[in-house]
Amino acid sequence: MLAPATRFGQGFVSVLRWMNNAGVVWIFALMFLICADIVGRTVFDSPIRGVPEMVALSLVGSVFLQIAFAIVQGRLTRSDMAVAPLERREPELANDWQAFLAAIGAVLFVLMAVGAWPDFVRSVKTREFAGVEGLFKVQVWPVKLLLVVGAAAAALELVRQLFARLRASFAAPPKPARIWAEAVVLVLALVVFALAVGEPTERTIGAAMIAIALVLIALGMPIALALLATGFLGIALLKNDVGIAVRTLSLAAEGTISEYVFATVPLFVLMGLFVNVSEIGRDAFRAAQLVFGRIRGGLGVATVAANAIFAAITGISIASAAIFTKIAVPEMVRHGYTPKFAVGLTAGSSVLGMLIPPSLLLIIYGVIAEVSIGDLFLAAVVPGILLALAFAVGTVLMAIFWPGFVGRTGEARAAADGAGAGSSLLGMLPVLGLIVLVLGGIYGGVFTPTEAGAAGAFGAMCIALLKRRLGGTALWDVIRETGEVSVAILFLIISASTFSRMLTLTELPQDMAQFLAGTGLGMPGFLAAYLILLVVLGMVLDSTSILLILLPLALPVVTELGGNLVWFGIVTVIGVEIGLLTPPFGLSVFVIKSSLADDSLSLGAIFAGAFPFVLITTAVTILLMAFPAISTFLL
Amino acid sequence: AEPTTIKLTIASSHSTGLPWVGVMHTLVVPESNKRLAAMGSPYRIRWVEAYGGSLYKYDNTLEAVEIGLTDMGWVGTLWELSKLPLQNVTYYTPFATDDTRMLYQVMNELHDEVPAFAAAWTEQNQRFLGASALDTYHLMTNFPVNSVEDLRGRKILAPGPSAAWLEGTGAVPVDGGLTTYYTQIQTGVADGVLTILTGALPYRIHEVAPYVTLVGIGAQVSGAMSINLDTWNRLPGDVQQVLEQLGDEYSEGVAAEVIARYERALETLREEGATISTLPIEEKRKWVAGLPNIARSWAEATERRGIPAIEALESYMNAIRERGATPLRNWDEPG
Ligand code: NA
Ligand code: NA
């Protein structure tokens, strides 16, 4: 965080903090709204009208209330691989580079606000509503206003940072020129200029934008802003019209996350954090430790098992990654595991979070592919267990044959002894209760997978209250952190959708699909190419974006080749999750890095630690591809 | 001389498996250049096709054409109750007609003849080319329905404006969508659904709701193919002319496909053991008589937003009567 130096700056930041607080409380309130709707219609036969519409609008409103403060706090995900060493060795240069990035960000948010303004004005004039005339109506202008205000506030904050950095830059003693640094900026500018004045083909523009996005991400630009910038630039070049690009920015900001299903993001995060404070994860870990502690590498196996159990009550992998970094990593390190292996295992096991139902990615797949989310969840159960088993076996084998990597695992065995076995197993009851609530609710037809997030969060909150783990401060921390984590994800979804729209316009993905379909290799060839594509895209993009880009193109091919779309959903989700663990953009690894108490482990070390689990996950993916029945026999 | 190429993006939120998207791909795209060549035009269109929601999703079909993210596309008018209220007149006038083909003809004609219909699209910076119409709504339930009375106290899936069709029947409307109907009925959240058969069949709703009661609540106009206005104004006259022609043919192509699928769906449902019956006409009269005047209250509320919905309602009802339909209720009459 770049602290404000002036009185004015401090006042501005505290306004942003209050906007942020309003946004996070709003998200928390949605949980009660959805639960009230579930209870209303189930118990009293009287649903609350318009809940999906209200929730969808709320998501947009609350993200834009929070975005500026997220920028204040530097919560937008970025890769620090290049910037961290630069900041150590060349602080002045790093400062100037950050000023440059802030300037780009400020321009993007100004454009977004400018693009959204006419739409806001029209919504007021025409009394635009969401809902159904005669049944339920809600005015949409307040949300459109929040979008304008939020984007403007974000722009102002970036301008503030820009000036602070410029001040620092001028105050610093004169420094020797860094030709290579200026060359980077110059090359970027030249490429953009050449694209603008030349007559590049769509494919060239697409390839150039992918390259620029990668360079910017590698150089530490927040990923969301890099995707937004290149998406915007690409659309402007492709359409030869800046106006369309500006309005696409604001449309993406308003339209992308304005859907009921995206409420699962904050709600599953909320549930994960309540589960965290109520120490259910610790209980699950203790119980697993008790069961597996006696075998070689047992603590590692216990981490996998606890992750698998935890996965059944959480829908996002980052929740698992964050929580087990806090619970399992210190425990493993204390018992002689190498930190590198401990975090690698935690990263790997976090993949289970979105394979074992409930799963945000399966929900998103179901929405795009229009297949039953219930079927997808059911189909994912066995593959999830299979992957957990593969991790456990892999851990034991590595502990035996590769102690240099895993560490001195023998010492852990003693720790598992001792009393408290009964209470540890008793501690599993709340976990089981939540599993029954969430999965039972979905399969019993009480609520949809989307609503399960709200019900689960409410259940987890009750457990935390009962366990007396939830005081006022703890509650506020949970609510605040939910907002902070979700705003980063939701804004990333907005940015990725801008980027993938641009890619669609270049026809690059369509070319790829035609290439894949035309290889004449049938299903095996298609799957091989698809897996390679998932892994390659997974290195640079987040899972949701990959689904958004690839599925519209891959699904017709699968149908054409006679594949089952539920099975394809399972292999897609596990395949895309490999990307959580691979550099340069690996979300689980980023989350682990930011959850670690100390800075001694570099991102590179965590990626290296996770690599064996990348291989295991890939092997299981190939197995699931080869034998569809593993996924479909339960249906 | 080499023909001059004009690049146009054509897109949709859904895949070509659906008639209103498929016909763009199988008719509009290939036919346009054939026509231009045949009439000796110096222009050819280079189409960039982006279906299946890769460019935008279902809730932004209107805005995507408005801002020019795509030049042409299928717009789901049924999701635009606020911005395109008049185009939703069919949802507020149940039991008017079951004739899908007639309905698109009426809608295309209204866009030519009643200024407010075309003006609604101009407001959204686009131009209407041709409507896409759906088959009529029926009931699929897990209990037999012989009379309106049988619906009393039952929970029936009826999203959006269709919830109003249940007013006065004593049924409780439940929200949902094609992808969720099956589970909702299977798990007892609902006892049945108001749906089009062409939509319900692929989702195998009949497995959980095997009683298919042919009610005929009415065919619907659910969307239209439209083109961005800036793009339109830039196009040469002969290209405009061809696209205009193809607009009508698009509507016919969609209707023909929908009607064919409807016939096939009825047959398949019968083959797969669904119990198909027809709701007697006197029961339909009872149903429609029990409804409040939802069309009139919709039109009045829309008038308050400065849109001439009463005139639109009257024009619509007149147009279908002129074509020989006998609506079970004259929604344009007060009361
Ligand atoms: Na899960
Ligand atoms: Na990755």
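Predicted model: local features only at pLDDT ≥ 70, side-chain atom pairs only at ≥ 80, totals over all residues.
Neither residue is exposed, since A:Glu157 and A:Arg160 are both classed as buried under the cut-off of 20% relative accessible area.

A salt bridge of another kind of placement is found in chain B, where the side chains of B:Glu272 and B:Arg204 meet at 2.7 Å, again from N to O. Here B:Glu272 is located in the loop between α8 (237-271) and β11 (275-278), and B:Arg204 in the loop between α6 (197-200) and β9 (211-214), so that the pair ties together parts of chain B that are 68 residues apart in sequence. B:Glu272 has a relative accessibility of 39% and therefore counts as partly exposed, and B:Arg204, with a relative accessible area of 33%, is likewise partly exposed.

In chain A, a further salt bridge links the side chains of A:Lys137 and A:Glu133, with 3.0 Å between N and O. The two partners fall into separate accessibility classes: A:Lys137 is partly exposed because its relative accessibility is 37%, whereas A:Glu133 is buried because its value is 8%.

Over all chains, the structure holds 32 salt bridges. Salt bridges also connect residues into a network that includes members of chain A and chain B: A:Asp119, A:Arg122, A:Glu128, A:Lys144 and A:Glu254 are linked in it with B:Glu63, B:Glu66 and B:Lys83.

Attention then turns to a tyrosine of chain A. A:Tyr337 is situated in the loop between α13 (317-334) and α14 (339-350), and this residue is buried because its relative accessible area is 2%. The side chain of A:Tyr337 is involved in contacts with the backbone at two residues: a polar atom of this side chain lies 3.2 Å from the backbone nitrogen of A:Leu299, and the side chain also reaches the backbone nitrogen of A:Gly300, at 3.3 Å. Along the chain, A:Tyr337 and A:Arg408 are 71 residues apart, yet their C-alpha atoms are separated by 5.8 Å.

Definitions and conventions:
Residues numbered from 1 in each chain as written. Chains lettered and ligands numbered in written order. Heavy atoms only, no water. Salt bridge = Lys/Arg side-chain N within 4 Å of Asp/Glu carboxyl O. Buried < 20%, exposed > 50% of the residue type's maximum accessible area, 1.4 Å probe, protein only. Helix = DSSP H or I, 4+ residues; strand = E, 2+ residues; numbered from the N terminus. Polar contact = N/O pair within 3.5 Å; in protein donor to acceptor, adjacent residues only side chain to side chain.
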